[in-house]
Amino acid sequence: MRILLPLIAVVVLGAVAFLGVQTAGLQYFFGVVIPYAALAIFLLGVIYRILRWAASPVPFRIPTTCGQEKSLPWIKTDPLESPNGTAGVIGRMALEVFFFRSLFRNLKFRYKAGDGSNPSLTYRRTLWLWLFGLTFHWSFLFVFVRHLRLFTQPIPAFVSAMNGWDAGLSNILQHFNVPPLHLVNIVGAPPLLISDVILVTAVTLLFLRRVLIPQVRYISLPADYFPLFLIFAIALSGICMRYFFKVDVIHIKELTMGLATFHPVVPEGIDAIFFVHLLLVCTLFAYFPFSKLVHMAGVFMSPTRNLANNSRAKRHVNPWNYPVKLHSYEEYEDEYRELMKKAGIPVEKD
């Protein structure tokens with residue numbers, strides 16, 4: 001049920017949008033009301049999460065480091081692993097955000113009992129998880145930025161260039177008859193966008209990882225499967241619109257430009273599959289601040305990543321400390337000297 005429930009939820013969402021448009025004529029509701037509501041929930045939710053993180057006190061430096069902190073001059077330091085200043089923190093954050101450095105160093109251990117007298121514990125890297133994650137996030141970002149062509153007029157040059165690179169790579173692969181791209185070329189469909197293929201492949205691999213590995217499957221919850229199914233359905237509905245249903249792109253851009261300029265109009269003749277795609281995207285936006293997906297913003301607020309490890313160079317005082325009246329030993333002895341003498345405890349002053 002942990003897998004079935006999220007799958008049913010995504011299917012129900014798609015069916016609601018399709019039937020709502022086809023039978024009840026709710027194009028304005030799914031084309032205007034839902035997108036604005038999802039955007040409002042997304043913005044307010046992310047702001048709320050960021051404010052909560054920012055309000056969390058971090059009295060001490062708690063960076064996660066693997067290298068030697070800067071201390072004595074004859075000790076070799078690691079300015080990137082254990083940065084002492086802002087420049088090092090920016091470098092470490094850039095590697096984490098763009099290349100998932102911590103995931104790259106993910107280790108998997110294996111215990112071998114042997115014959116009972118010589119057990120061993122070995123560690124090895126699991127680069128495939130890093131590769132799946134990196135592929136998924138970069139392809140998703142590429143597809144997201146590529147969709148800006150629907151919300152801008154004129155289309156920015158870099159967006160047009162990205163579309164050209166995507167289709168160009170597809171044409172190169174078709175030239176070498178890489179299946180199934182040459183089949184797409186035969187039926188006369190538009191050039192297959194490689195970023196779509198990579199995104200669907202990466203989501204599928206991340207899903208198979210959760211299903212096929214017993215340890216990962218045991219700890220996986222419906223909240224882990226739901227975004228995977230949702231993103232897969234978004235990509236699949238987008239691919240269907242491009243290659244099979246042939247939706248009216250001009251009318252769709254008229255709708256999206258109206259949303260972007262806050263003058264929404266819903267042209268006639270937009271196929272229902274577009275509203276299914278749009279509702280799934282809106283669901284992802286509204287779900288984002290309240291799910292694990294919000295780690296995209298949370299990584300910038302993580303004190304284990306964004307703090308310099310300069311505890312030896314600089315004294316960090318806990319802001320919660322209240323004034324404490326110190327009681328020296330001399331004062332203690334002056335107060336209890338007679339009692340200490342009666343008890344036979346030696347004193348420094350008679």
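Buried means under 20% relative accessible area, exposed over 50%, and partly exposed in between, with a 1.4 Å probe and protein chains only. The model on display is predicted, so local features need pLDDT of at least 70 and side-chain atom pairs count only at pLDDT 80 or more, while totals for chains, interfaces and linings use all residues. Residues are numbered from 1 along each chain as its sequence is written, and side-chain values use heavy atoms, with hydrogens and water left out.

Select F100 to begin, in the loop between α3 (86–99) and α4 (101–104); helices here are DSSP runs of H or I with at least four residues, numbered from the N terminus. F100 has a positive phi of about 50° although it is not a glycine, and at 15% relative accessibility it counts as buried.

Now select Q153 and P154, whose connecting peptide bond is cis, with omega near 5°; P154 belongs to the loop between α5 (127–146) and α6 (157–175).

Move on to helix α8 (residues 194–212), whose 19 residues reach 26 Å from first C-alpha to last, close to the 27 Å expected at 1.5 Å a residue, where the expected span is 1.5 Å times one less than the number of residues. Among the buried residues of α8 are I194, L199, V203 and R210.

Finish at I8 in helix α1 (residues 4–22), which is partly exposed, with a relative accessible area of 42%.

Key. Helices (H or I, at least four residues) and strands (E, at least two) are DSSP runs, numbered from the N terminus.
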